[in-house]
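Open your viewer and get the selection tool ready. We will take a short tour, one selection at a time.

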Amino acid sequence: MSKLSQKEYRVVTKPIRKLDAMQLVTGQAVYTDDVTPQDCLVVKLLRSPHAHALITDIDTEKAMAVPGAVAVYTYKDVPQERFTTAGQTYPEPSAYDRLLLDRRVRFVGDPVAIIAAETKEAAEMMLARVKVSYEVLPAVLDFHTAKDNELLVHPEDNWRSLCPVGADNRRNLVAHEEDSWGDLDKTFAQCSQIVEKTVHCKANNQAMMETFRTYCEIDTYGRLHVISSTQIIFHVRRIVSNALGIPKSKIRVTKPRIGGGFGAKQSVVAEIYPAFVTWKTKRPSKLVYTREECQIAASPRHEMEVHVKVGADAQGHIRAMDMYTLSNSGAYSEHGPTTVGLSGHKSISLYANQLQAYRFNYDVVYTNLQSAGAFRGYGAPQGIFAVESAVNELADRLGISPVAIREINMTREGNVIRSYYGETATSCALDRCLQRAKEKIGWDDTCLCTKVDDHTVRAKGMAIAMQGSGISNVDVGSATVRLTEDGGYALVIGAADMGTGCDTILAQMVAEMMECEMSDVTVYSADTDFSPYDSGSYASSTTYVTGKAVERACLELQEKICALGAGMLELPEEQVMFTADAVRSEDGSKAVSLTEIATKSMCGNTEALQVTATHSSPTSPPPYMVGMVELDIDIETGEAMVVNYVAVADCGTVINENLARIQLEGGIVQGIGMALYENVTYMKDGSIAENSLMEYKIPSRMDIGKLDVEFESSFEPSGPFGAKSIGELVIDTPVPAIAHAIYEATGVWLTELPFTPEKILEAVEQGGKYKNN
Amino acid sequence: MELKFTLNEVPRVVEISADTLLLDLLRSMKCYSVKRGCETGNCGLCTVFVDERPVLSCSTLAARVEGRSVVTLEGLREEAEEYGAYIADEGAEQCGFCNPGLMMNAIALYRENPEATDDEIKEYLAGNLCRCSGYEGQLRGIRSYLEFKKGEVRHE
């Protein structure tokens, strides 16, 4: 599989079962709400019914009269220093624009009061009895008119932006940037074919099966212990510290198993509220979000409108790209300044091979709508939808195949990618991915659109994609590896396995490095008191960044083990070597087992057999993939069904084939949901129509035809064992590939998500291809 | 009000309210495998057996199980281990939060139709949502388990 990899690995690359798998499939109590007490205070949030209003009065008396009532906190009770709930490395690019509770409410669902009660029933009764008077204000509900609108979402004086991202609360601006390279006007003037396109992506929800939830208690030392379903324990610690105005040293954050995240839990959505209740009352408390709260007041994808202009010469060389992205951050700035960047950096950069000029400008705006956050892909799916649709249309207009236009233009190994921080594509098997995908789906075998029966047509579509591997020069991954008493290894990390399997993947790396079995490695994660610092599991960073830390920690630990072993063998250190289960003399005549060394390390020893290594990468090498779809469209009803999805991905060395495959399959299905079903509709009052899983339709197993995925690996020299990332890349291709297939079937390019039967039927009629039917 | 029922083969008598949902009752009785994923009967995470038939415990009043037998995954440990190993070998458990509800229905499927085709598997489990796996790995695991059980029957 891995053609460039020189070495056959023993544990790495193998489809090893996840260390926690059997606990999960047998339904053991391992999640936040299972492992924390049921008889603690119940925390609920009273939410604003208005998109924009000032609270003029809150009467809490009747609520406090409910039997079992413990507390009602309002904006009068909370610290007045603003902070952000975006889980990012300090100083966060997201502006400090939040308070725990604010007198000004900024979207339908913004918290108005924190309620604590002895029981759920009492808390719910209290919610109904808090009387709030509002001065309702006009709201900014259209993100097109938000910038420089006279209505301000954040008029307050203590709003702060810590980073130069072009934010300005007096202009409703969360971020603004202009970036370009080459002579754009001149290059476009020389192009014989130019395609312009504007696409609109919605604020999709992660819809992880476990909603947000946090339990808090005061520990033996009077510190606040936060147990939460989070991807980012260390960022949670800082953000809770900011929100409560207490030192970080007073806070400990741990995470049990996480029931899915997909970026949702890279924001501090729930933690601050029970943390405040417990800190105030000194009593254990818990907040479990309802599904409705998850749908209306959480951390969804940024709604974006992406305008792109792509120019090529008559031979199909793509020479110029111009992109403008307008991103809707909603009421708060979480992840607004950063997600938008990927809409250009991960799309324009797919075509570095022939490109001579590009421009990428963007605005991110505040509106009085739900605040957005991080969601798998992090802006890339929006930009890739635009660019890939434009490139498919360009190929169509030039009369060359969509595969051929990629072969001419796509980024290849060794290309310097100007639009990607000038990084060089050090590992790129995109060409092989394209070749393989084309063969698998039989791209050239049939026309791109064929008739299945008198009312169904089958069309093919394709797209290519890239993502990153961690945030270069920012993300920090760490690992502690120590020799255990029985001669095995304990790995302690601060990264968060949210189902992805990083605990197992990193343990595989330990087993590979230390020449032991998987059963010899235990993993502990994650706890701010015990884990070495890790920025957390996001930005496709864990395998690539933390993996490298594991590799280094293992090498250093081998040296330490050898030093102690040499002493026990009474040999100089340079005359011994580390072997799987022992330290041996060079000639193999003398040996001391790891168990003996471990035992010795606990008696009269002054050197810990434990190493913590920390890694950060100056680059973020992209994984790449090709997605090709066969889509059945009912031309009478407009219904679309993916019958076959072929995907071939280059994530560098595949560390665990099973887990990588599930990432690939799961991401594609999420992408199909984004393309065909998942809608977020804002009503006139700013509320959201799709507030349950009944209305927000995620794909079921009946909605998916065949998924046919495989890996075509490159070898990334800067990654552990040649690995890059896989987690986010996988969601990027379905939207443009399906849009392409719809075009092949109907003759119309759909540009607004999701592609509902109504829109497809309209396209069928507008395209006029089936008038005789 | 008083409720008498059998939970995982043990007779139980508990005090409930008229509006207590079976899901909340079971979690309060430490059956933590039973999960809530939505409030609208869409996700299948809370599936348990009532008199051997899979039901959504989020949409069942606890009072409805008076005199009946309720089984959660806690009561099917051995079967879950044997079956679940096939899901685990595909890496398809992923975050695991949907697993208990899936396993309940997958066990019900096996008991009802041990020779289920892929289409029958998909249809039977259509009400079990999973946001991580993309379903293909679960299908592979279930298919392998059914194959394994067929072989077992042949060898008997």
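Start by selecting Glu334(A) and Arg98(A): they form a salt bridge (a side-chain nitrogen of Lys or Arg within 4 Å of a carboxyl oxygen of Asp or Glu), with the closest N and O atoms 2.8 Å apart. Across the interface of domain 1 of chain A and domain 2 of chain A, the rule finds 3 salt bridges.

A word on what you are looking at: this is a predicted model, where local features need pLDDT of at least 70 and side-chain atom pairs count only at pLDDT 80 or more, while totals for chains, interfaces and linings use all residues. Residues are numbered from 1 along each chain as its sequence is written, chains are lettered from A and ligands numbered from 1 in the order in which they are written, and side-chain values use heavy atoms, leaving out hydrogens and water.

**Domain 1 against domain 2**

Next, colour chain A by domain, with bounds from an automatic or database domain assignment. Domain 1 is 32–139 + 206–296, domain 2 is 142–201 + 304–425, domain 3 is 426–469 + 620–773 and domain 4 is 472–615.

Keep domains 1 and 2 of chain A on screen: 33 residues of domain 1 are in contact (heavy atoms within 4.5 Å) with 32 residues of domain 2. Together they bury about 2,600 Å², with carbon and sulfur atoms giving 52%; buried area is the accessible area (1.4 Å probe) that two parts lose on being put together, summed over both. Now pick Pro93(A), Asp97(A) and Arg106(A), which supply 23% of the area that domain 1 of chain A buries against domain 2 of chain A, more than any other three residues.

**Chain B against chain A**

Bring chain B into view. Here 51 residues from chain B and 56 residues from chain A take part in the contact. The area buried between the two chains is about 4,200 Å², and carbon and sulfur atoms give 55% of that.

How many salt bridges does the rule find across the interface of chain B and chain A? There are 7. To see a salt bridge between Asp33(A) and Arg27(B), select that pair, whose closest N and O atoms are 3.2 Å apart.

Helix 1 (22–28), helix 2 (77–88), helix 3 (99–112), helix 4 (118–124) and helix 5 (136–155) each supply at least two residues of the side of chain B that touches chain A. End on helix 2 of chain B, which gives the most to that side, with 7 residues.

Methods. Helices (H or I, at least four residues) and strands (E, at least two) are DSSP runs, numbered from the N terminus.
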